[in-house]
Every structure is written in C-alpha cells, then in structure tokens.
Amino acid sequence: MNWASLQGLLSGVNKYSTALGRIWLSVVFIFRVLVFVVAAEDVWDDEQKDFVCNTKQPGCPNVCYDEFFPVSHVRLWALQLILVTCPSLLVVMHVAYRQERERKYRLKHGPNAPSLYDNPNKKRGGLWWTYLLSLIFKAAVDSGFLYTFHCLYQGHYDMPRVVACSESPCPHTVDCYISRPTEKKVFIYFMVATAVICILLNLSEVTYLVGKRCLEIVGPRHRRSRRRSRLHDSCPPYALSQGEHPQDGNSLLMKAGVATVDTGGYP
C-alpha cells in the first residue's frame, strides 16, 4: 500500500483543521502509519511460519494458530488505519466540490464576481458539518476496532511465550511457541495507546467546535440584550416614549403647573 499518497491527500485537510486536528494527523502518520509500515509489519512477518508446536500431527499447528490468533494483528491494524483516514477524504472531496462550484460560477459571471461563500477559507455551512461528522466517525472507528480487538483476544493484550492447545486434530494437549512475544507485546500496547490518544483528540476537537459555534450564536444575542438593558437604565423618563413608562404623580403636577402658567400669560 502506498501510504505516502494517502498522506499527500490528507495534508490538504490541515488548511481547515484546528490545532487539535493537526496534532491528530501528526499522531496518525508518525506514531501509527510510520511505525506500522517500518516496524510492525516486519515483527509479524513470521507469525505463522515460526508458530511451532511440539507435535508432528498434520494440521495441528494451523488449527492452534487459528484458535489463538483468529485475525492477524497487522491486517486488523491496516484495516483500522484505512477506515480511520477515510472521513478526512470526505472533507477533501467537499473542499474540491466547493472549489469547482466557485470556478464554474466565475466562468459564468466573470472573474470579478463576488464569491459564493462568505469565508471560503474557513469551515462554514455544510463544510462545518462535514468536518464535525468526520471527527465523530473517526472516533467511532477507533473505538469500534478497540472493542473488536478486546472481544477477539478476550481482553488479553499480553503476548505469552507458550500457549496450550487441545483442539482437534491434535492428539493431546500440546504446547505451541510464539516467536518474539515480548517485541509483539510492546507493539500491541503502543498501537492501542495511540488509538486511545486519537480518540481523545477527536472528542476534544468536537467539543471545541461545538462550544465555539454555541458562543458565536449566543454571544451576540447576550451582548445585544445587555446593551438594551443599559440603555433602558441610563435614559431619563422624559426621553422615552409615553407608552413605555407610565407617568408618576410628580410629572403630572409639573405638567399642570406649566399649563397654569401658560394659561395665565395669555389675555
């Protein structure tokens, strides 16, 4: 698999990502993809060939290997990395769709025509929702694979040196030996830990985006209401309309006095 081309595609998402999104992309390609390609594949390259059992019964080592390793760790992680990066491709396709729509609009109305989007370099409208859903999907994919890994291996992240197998066609309980168990255990813990970190980064970015959007919506309304309340408190009664503030007795007396003086001045 050409992981470099996938990295080139996903690098375009950095333009619309937050700081947490850039950290997530760095963790995926440095601590997950790079470690997987450079080291993990070589560690599990001899997993079935060097899975040796102390019996000469044909088929017994294969059955025992399938019993203890129903799905290869390497293939499971490869599928996980492919699916966890697919949602970012949705953002890339959405951005390409917006750029193509903008290009056709300018060809039709001229290069000086106003842009179709208020902030084309920011996440607004449908692009914001696409980005948010991609974060949720990435967190769900990593969580689903961790749960699958937990169910397949019964929550045992340790890699034993010797396993006992009594599956048919083995004649009796035989001992089978796993190659490089300590090295494999280290990589298992590392891949699980990086997946958990990516989940936390995705959930943190979702919280940040939703909180920021709520502040953008609620903040201006709150400021307008406070401005109106300050204006209401600072204006004198005579500067407001008669329908907003009922007149008290002093104001009525003052108006009556003014009316009397005005009447007395005329012949």
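Which residue stands opposite Tyr177 in E3? Val52 does, and the close-ups below, all taken from a predicted model, start around that pair.

**View 1. Strand E3 and its two partners.** Strand E1, residues 52-53, runs antiparallel to E3 and is joined to it by two bridges. E2 also runs antiparallel to E3, with four bridges between them. Here you can pick out Val163, whose bridge partner in E3 is Cys176. Look along E3 and you'll see its side chains alternate.

**View 2. The surroundings of Val174.** What is left in contact with Val174 is Cys53, Asn54, Thr55, Cys60, Cys64, Val163, Ala164 and Cys165. Val174 is also listed among the residues with the most contacts inside the largest nonpolar core.

**View 3. The disulfide of Cys53 and Cys176.** A search of the whole structure turns up three disulfides, and this one has its sulfur atoms 2.0 Å apart. Cys53 sits in strand E1 and Cys176 in strand E3, so this pair links distant parts of the chain, 123 residues apart. The torsion about the S-S bond is about 100°, which makes this disulfide right-handed. Is Cys53 buried or exposed? Cys53 is buried, because its relative accessible area is 8%, under the 20% limit. Cys176 counts as buried too, at 0% relative accessibility.

**View 4. The disulfide of Cys60 and Cys170.** The S to S distance here is 1.8 Å, and with 95° about the S-S bond the link is right-handed. Cys60 lies in helix H3 and Cys170 in the loop between E2 and E3, so the pair ties together parts 110 residues apart in sequence. Cys60 counts as buried at 0% relative accessibility, and Cys170 counts as buried at 11%.

**View 5. The disulfide of Cys64 and Cys165.** In this pair the sulfur atoms are 2.1 Å apart. What is the handedness of this disulfide? The torsion about the S-S bond is about -85°, so the link is left-handed. Helix H3 holds Cys64 and strand E2 holds Cys165, so parts 101 residues apart in sequence are tied together. Both ends are buried: Cys64 has 0% relative accessibility and Cys165 has a relative accessible area of 1%. Number the bonded cysteines of the chain in sequence order, and the pairing reads 1-6, 2-5, 3-4.

**View 6. The largest nonpolar core.** This core has 43 residues, and those with the most contacts inside it are Phe36, Trp44, Phe51, Cys64, Val174 and Cys176. Helices H2 (19-43), H3 (60-68), H4 (73-109), H5 (126-152) and H6 (181-234), along with strands E2 (162-165) and E3 (174-177), each supply at least two of its residues. The largest share, 10 residues, comes from H2. A second, separate core of 10 residues includes Tyr16, Tyr131, Leu132 and Leu135.

View 7. In the model, the end C-alpha atoms of residues 42-75 lie 13 Å apart, and the span is 41% helix and 6% strand.

Definitions and conventions
Residues numbered from 1 in each chain as written. Predicted model: local features only at pLDDT ≥ 70, side-chain atom pairs only at ≥ 80, totals over all residues. Heavy atoms only, no water. Core = buried A, V, L, I, M, F, W, Y, C linked by side-chain atoms within 4.5 Å. Buried < 20%, exposed > 50% of the residue type's maximum accessible area, 1.4 Å probe, protein only. Contact = heavy atoms within 4.5 Å. Pairing = 2+ DSSP bridges. Disulfide = S-S within 2.5 Å. Lists of a residue's contacts leave out its neighbours within four places in sequence.
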